[in-house]
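Hi everyone, thanks for coming. I'd like to walk you through one structure today, starting with its charged side chains. Let me put it on the screen.

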Amino acid sequence: MATYLHRLGRWAFQRRRIVVLAWLAVLAAVFLGAMNAPEAPDDSASLPGIESQQAFDLINKRFPGAEADGAEARVVFVAKHGGHVTDAANRSAIGHFVDAVADGSEVADASSPFDAHAVSKDRSTAYATVTYKVTSDDLTDAGKTDLTKAVEQARDAGLTVEVGGSALETEAGEGLGEVLGVLVAAVVLLITFGSLAAAGLPLLTAITGVCVSLAGITAVSSAFGFSSTVGELAMMLGLAVGIDYSLFVVSRYREERAAGHRPQEAAALAVGTAGSAVVFAGLTVVIALLGLSVVGVPTLTKMGIGSAGAVLVGVLVALTAVPALLGFWPDAVLARRDRKGERPARKVARRTSTPRLGRLRRNRTAGTLNGAGAADMPTAAWTTSVPAPTPSEKASRGVRWARFVVRRPVPVLLLSVVGLGALAVPSLDLRMGMPGAEAKSTTTTERRAYDDLAKGFGPGFNGPLTVVVDAGKAQDPEGAVATVSDKLAGTKGVVSVSPARFNQAKDTAVITAVPSTAPTSEQTQDLVHTIRDERAAVESATGADIKVTGTTALNIDVGQKMQDALVPYLLVVVGLAFLLLMVVFRSVLVPLKAALGFLLSVGAALGAIVTVFQEGHGAGFFGVDETGPIMSTMPIFLVGIVFGLAMDYQVFLVSRIREAHLHGEQSGQAVVTGFRHSGHVVAAAALIMMAVFGGFMTGGESMVKMVGFGLASAVFFDAFVVRMAFVPAVLALLGKRAWWLPAWLDRLLPRVDIEGEALTEQAHAPRDPSGDEAHTSAPARVV
């Protein structure tokens, strides 16, 4: 692997104009395709296989012309100053409103509250339901304008009028989002590299990759059914990993230049070594994203496919476009002192010493590669030369921290495990659901309509249960529906049951049951289970088939589907990634440690989400207006995305530790060396990802804030606790045993050479007449 990527990096550097022109051509092609592509489809909430979805499908089939998921406006009227909505003036204003909206071409039905018995007992509140023939996304501006004008006229007549439902749903405020993330990333890169060019190159290549990905998704959106949500997630992940992957290649290039290599060979070595880590890190992210298809939710599957494509583009950009651009400006990304030739004496010594990438020394008394278990070398072996810092040389924070962990691995390991475990405890109280109007800010009309209905009609009114009765096989369809209505009315926890609404064929009816408790309460969930448990007897007596749907029922079904899919998903994703990491690190314990660390970081992140978004602790600080249940898809979504991102840091950091170990360093010193070269870069990469994800918290949508907060916190826990404390502590305790692999398994697994062992002989090659290193072939036994 390292040899092939080394050749790719050299080729991209030499043919830099061709590479840049090729990427510009790809960008132009996908943009042209995006401009001529049909409009992207709407977001689909279809969840095949659950009862709630089956009920919706039955309604759509038996009640043609009025989709179950069609737009709806629930307009709430509240009399002012203690008056009644039944007063003559108020009654007239409400009647004018109903007449005005009923004439709309897209309106399926507009019911008067006085005809539909939609007036509260104290006559202070009433509501009118306006249903449309089309979904909220297909509702035209003219239809929305007609509704808005009618609402304003009712308000002018002296009523307090609020609108709930999906017809006039308030758009969430746009936050700084990606702009904030890019700005913070630029600052982090500038601090890390101390060079505007070095900071700008990862940003430029990442933005290029995101543009290619988004345009490509748009171009194929109609063919593959990709909605706008797919593009949003692809942009978020593509930007984060794109910056990180380019960051690692540029960082390694600077390191190789400091070690004395000329620009072309430094770029080739950077792609051959750091590029290998990029490839396998990208593969783990792709595995995690494509694994979302196991869940069986079409929306998640499409989001995973689109995001996986964005990650692959980011990998290709890092392997080709980055070395090509380095070819145009080989010295611009270097630190100022290196551009002026003012390298420290230690780096000069490393540059002029006998090379293994500028860091090896000849050991004339040994005949093997110390600590690496490699084949005998005829004249000498190569061990890592890590000169002790002189009194005037100040070790970096990462090196000082690594030494601290190596000296005290047990306390660090216990603190990290106990700390993350404590943060994960709130996740045991996780309540899943799909946050609705109750989670919106009180500044929105939907939230005020929700509160007015709860005050006037009871807390359960905002979450009615829809019972669909399929009486096609019943001997007496109307009698069967009547029996079901009576049974519902007598069920504890149901305060009212609406008259049954039959379809034209009179073989299907829809009944609305209003619970006494709020939609997200446990009592309402128990009520749904009770109705479903008792329906077998009713179905046996009537011959009718009964299905329950509605907000609460849908939340129950989605939550159960996510819970059932979580274990198979974990087995597939973690299993495949475990095999991949075992091939990369040629170890059994290192992939196991990676999986355990990932579970700790995900558990802590999920606990943090519950603490803020469900329990409300610190909600104001993070701009969360209202708390409530956690989005049903959030746990499995968090597992999938974070697993891939966590493996990025695992590959980047541990590959450098293993590289030092293979070149003869003892376990503790190998950990310190790995942190010396990669610790600060991993920290910078994590800060960049946190900035990108955290930027999405500046928007107004609660669910987007939840996703941004969850991903940002998970990256923080994984990068700064698991990778910086848990991982080095475990490696220090395991010692050489960390790299144990059974002999039979060692023979079966392919060799991928992620650390660049095959490039050792290339470093020994004589320089060509131009002064650059000559290119030689790698040993045939290494892939």
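So, a search of the whole structure turns up 19 salt bridges. Please keep in mind that this is a predicted model.

Let's begin with Arg-656 and Glu-255, whose side chains meet in a salt bridge at 2.9 Å, N to O. Arg-656 sits in helix α20, residues 634-662, while Glu-255 belongs to helix α8, residues 228-258, so this pair ties together parts that are 401 residues apart in sequence. Are these two partners buried or exposed? Arg-656 has a relative accessible area of 9%, and since the cut-off for buried is under 20%, it counts as buried. Glu-255 is buried as well, at 13%.

Arg-252, Glu-255, Glu-256, Arg-656 and Glu-659 are linked in a network of salt bridges.

Arg-447 and Asp-451 form a salt bridge through their side chains, at 3.1 Å from N to O. Both lie in helix α15, residues 445-457, and being four residues apart they are separated by about one helical turn. In general, an α-helix has 3.6 residues a turn, so residues three or four places apart point the same way. Arg-447 counts as buried, at 12% relative accessibility, whereas Asp-451 is partly exposed at 31%.

One more pair: Lys-547 forms a salt bridge with Asp-545, and their closest N and O atoms are 3.7 Å apart. Asp-545 is partly exposed, with a relative accessible area of 30%.

Let's move on to a helix, α19, which covers residues 589-614. How far apart should its ends be? At 1.5 Å a residue, its 26 residues should span 38 Å, and the end C-alpha atoms are 36 Å apart, which agrees. Of those 26 residues, 21 are buried, so α19 is largely enclosed by the rest of the structure. After α19 comes Gly-616, which has a positive phi, near 85 degrees.

Finally, let's step back to the whole chain. Its secondary structure comes to 24 helices and 13 strands. Of its 783 residues, 54% count as buried. Among contacts with a separation of 6 or more, 77% are between residues 24 or more positions apart. The accessible surface is about 33,000 Å², with 59% of that belonging to carbon and sulfur atoms.

Notes. Residues numbered from 1 in each chain as written. Predicted model: local features only at pLDDT ≥ 70, side-chain atom pairs only at ≥ 80, totals over all residues. Heavy atoms only, no water. Helix = DSSP H or I, 4+ residues; strand = E, 2+ residues; numbered from the N terminus. Buried < 20%, exposed > 50% of the residue type's maximum accessible area, 1.4 Å probe, protein only. Contact = heavy atoms within 4.5 Å. Areas by Shrake-Rupley, 256 points an atom, 1.4 Å probe, with all protein chains shown as cover. Expected span 1.5 Å × (residues − 1). Salt bridge = Lys/Arg side-chain N within 4 Å of Asp/Glu carboxyl O.
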